[in-house]
Structure formats: C-alpha cells, structure tokens
Amino acid sequence: IAEKLEENNIEVILDDRKISPGIKFKDAELLGAPYILTIGKALAENAVEIKKRNGEAKKVVKLDKIVEYVKKIG
C-alpha cells in the first residue's frame, strides 16, 4: 500500500514499530499526519480504514481505491 501511494507522489510514513497501536496513533498526531491509514480488521475485506486528522469519522476504503481516495481528499 505504501509503495502504491509513493508511486503516485503521495508521501508516506510507515510505522512498523512493534509497539501498541495507541502509541502509534499518538505519534502520528504529534507529527501532524493529515491522514492515518490503519491496516487491521478491514484487511479481511480487502480494505483499510482512513481517518482524517480533523476528527471526521473513519472511512473504510477498498485497497484498489486507496490512491484515488487519498488524492481526492488531499
């Protein structure tokens, strides 16, 4: 997913540290990440959760639509 976004000139910070998700989310907020893509339960349905930093509700986006969606909201 990160490679596909980067190929489309979308900057990605991949947090693959072996720590709790809560710490990762907190660090993403501190860094000022405008969007957080969470690869979790939705992956079973070929999707990821995307949350905008402005507090909007999470949205589940299919893997084949991620680049298009991020470009649209960015």
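Asn-9 has its place in the loop between helix 1 and helix 2, where helices (H or I, at least four residues) and strands (E, at least two) are DSSP runs, numbered from the N terminus. This is a predicted model, in which local features need pLDDT of at least 70, side-chain atom pairs count only at pLDDT 80 or more, and totals for chains, interfaces and linings use all residues. Residues are numbered from 1 along each chain as its sequence is written, and side-chain values use heavy atoms, with hydrogens and water left out.

Asn-9 is exposed because its relative accessible area is 74%, exposed meaning over 50%, buried under 20% and partly exposed in between (1.4 Å probe, protein chains only). Ile-39, in the loop between strand 1 (35–38) and strand 2 (47–52), also counts as exposed, at 51% relative accessibility.

| Residue | Phi |
|---|---|
| Asn-9 | near 60° |
| Asn-46 | near 55° |

Asn-46 is found in the loop between strand 1 and strand 2.

The largest pocket has a volume of about 900 Å³, and of the 26 residues that line this pocket, the closest to its centre are Ile-13, Leu-14, Tyr-35, Ile-36 and Leu-37. On a 1 Å grid over the protein atoms alone, a pocket is an open set of points where a 1.4 Å probe fits, with protein on both sides within 12 Å along at least five of seven lines, and lining residues have an atom within 4 Å of a point; the volume is the space filled by probe spheres set on the points, which are joined across faces, edges and corners. Helix 2 supplies the largest share of the lining, six residues.
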